[in-house]
Amino acid sequence: MNALAHPQVAFWNRIARKYASDPIADEAGYEATLRRVQALLHADQDVLEVGCGTGSTALRLAGGARRYHATDVAPEMIAIAREKLQAHPVAQLQFEVADACSPRGRSFDMLLAFNAVHLLPDLDASLAAMLRALKPGGLFISKTACVGEMNPLITQLALPLARLIGKAPPVLLFKEAQLVAAFERQGLHLEAVERHGTRGKDIRVVIIARKM
């Protein structure tokens with residue numbers, strides 16, 4: 001799908017500036033995830049991050065890679081990311097407007113998706129498309145909201161209402177077991193399944209998987 005025709009674009013373009021200014025809800029959990037990924041990064045790796053948003057995570061991680069290519073479907077998100085990069089240059093880092101499932105002209109040693117997998121239009125088909133960009137033996141690391149684990153009043157009432165009035169994007173409603181099964185259906189070897197949250201119930205699952 002062309003990035004600019006993606007159904008998520010209008011929503012994320014509209015809220016991009018507010019999203020950029022909002023504080024991280026769980027700073028300690030976020031830092032734990034960064035440390036986990038940094039420990040797996042090497043200076044000889046080419047990294048692709050999909051759904052990079054306004055680029056804050058990419059700016060923190062890119063220095064540990066040989067090349068770091070960060071993409072997002074929303075042009076306004078990428079515009080903010082490029083502003084940040086101009087203010088704090090990182091030689092390895094490049095931002096691009098692209099759909100997470102877009103074909104790539106080359107393959108990567110590591111694929112990252114933070115807070116993005118639950119926003120994909122179809123879990124199995126989208127994962128398959130994304131993973132074509134990953135080299136055999138490469139790592140796929142995702143941090144994903146398992147929205148299906150939330151209170152049913154939220155998933156069945158609040159979320160549909162929020163979507164109706166334009167306050168929430170379309171999301172997939174899966175639980176951890178369903179997400180793990182989807183990764184395994186892609187032939188991925190799961191090396192770790194973790195939760196890094198430090199504030200109440202943590203619905204964000206971190207999966208580190210290797211493409212066999």
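**Notebook: surface patch, strands, cores and salt bridges**

I began at the surface with Leu164, which counts as exposed because its relative accessibility is 71%, above the 50% that I take as the cut-off for that word. I note at once that I am working on a predicted model, and that Leu164 is found in helix α6, residues 152–164. Looking around this residue, I found that Leu161, Leu164 and Ile165 form a nonpolar patch on the surface, and that together they have about 350 Å² of accessible area.

Next I looked up the strand pairing around β7. Strand β5 (residues 134–145) pairs with β7 (residues 204–211) in the antiparallel sense, over seven bridges, and I recorded Arg204 as the bridge partner of Ala145. Strand β6 (residues 188–194) also runs antiparallel to β7, to which six bridges join it, and here Glu194 has Val206 as its bridge partner in β7.

Which residues touch the most other members of the largest nonpolar core? I found that they are Met130, Phe140 and Phe183, in a core of 30 residues. The elements that give two or more residues to this core are β1 (46–50), β4 (108–114), α5 (123–131), β5, α7 (176–185), β6 and β7. The largest share, five residues, comes from α5. A second, separate core has 25 residues, among them Ala58, Ala65, Ala81 and Ile208.

I then listed the surroundings of Phe183, leaving aside its neighbours within four places in sequence, and found it in contact with Leu127, Phe140, Ser142, Leu188, Leu190, Ile207 and Ala209.

I turned to charged pairs last, and a search of the whole structure gave 13 salt bridges. In one of them the side chains of Asp46 and Arg106 meet, at 3.9 Å from N to O. Asp46 lies in strand β1 and Arg106 in the loop between β3 (93–97) and β4, so this pair ties together parts that are 60 residues apart in sequence. Is Asp46 buried or exposed? I note that Asp46 counts as buried because its relative accessibility is 5%, the cut-off being under 20%, whereas Arg106 is partly exposed, with a relative accessible area of 36%.

A further salt bridge is formed by Lys135 with Asp109, whose closest N and O atoms are 3.3 Å apart. This pair also links distant parts of the chain, for Lys135 is in strand β5 and Asp109 in strand β4, 26 residues apart. I recorded Lys135 as partly exposed, with a relative accessible area of 27%.

For Glu176 and Arg195 I found a salt bridge in which the closest N and O atoms are 2.7 Å apart. Glu176 is in helix α7 and Arg195 in the loop between β6 and β7, and the pair links these distant parts of the chain across 19 residues. Both ends are partly exposed: I noted a relative accessible area of 26% for Glu176 and of 33% for Arg195.

Which residues are linked with Asp46 in a network of salt bridges? I found Arg66, Arg67, Arg106, Asp109 and Lys135 linked with Asp46 in this network, which therefore takes in the buried Asp46 as well as the partly exposed Arg106 and Lys135.

Conventions:
Residues numbered from 1 in each chain as written. Predicted model: local features only at pLDDT ≥ 70, side-chain atom pairs only at ≥ 80, totals over all residues. Heavy atoms only, no water. Pairing = 2+ DSSP bridges. Helix = DSSP H or I, 4+ residues; strand = E, 2+ residues; numbered from the N terminus. Patch = residues over 30% accessible without salt bridge, like charges linked within 9 Å, V, L, I, M, F, W, Y side chains within 5 Å. Areas by Shrake-Rupley, 256 points an atom, 1.4 Å probe, with all protein chains shown as cover. Salt bridge = Lys/Arg side-chain N within 4 Å of Asp/Glu carboxyl O. Buried < 20%, exposed > 50% of the residue type's maximum accessible area, 1.4 Å probe, protein only. Core = buried A, V, L, I, M, F, W, Y, C linked by side-chain atoms within 4.5 Å. Contact = heavy atoms within 4.5 Å.
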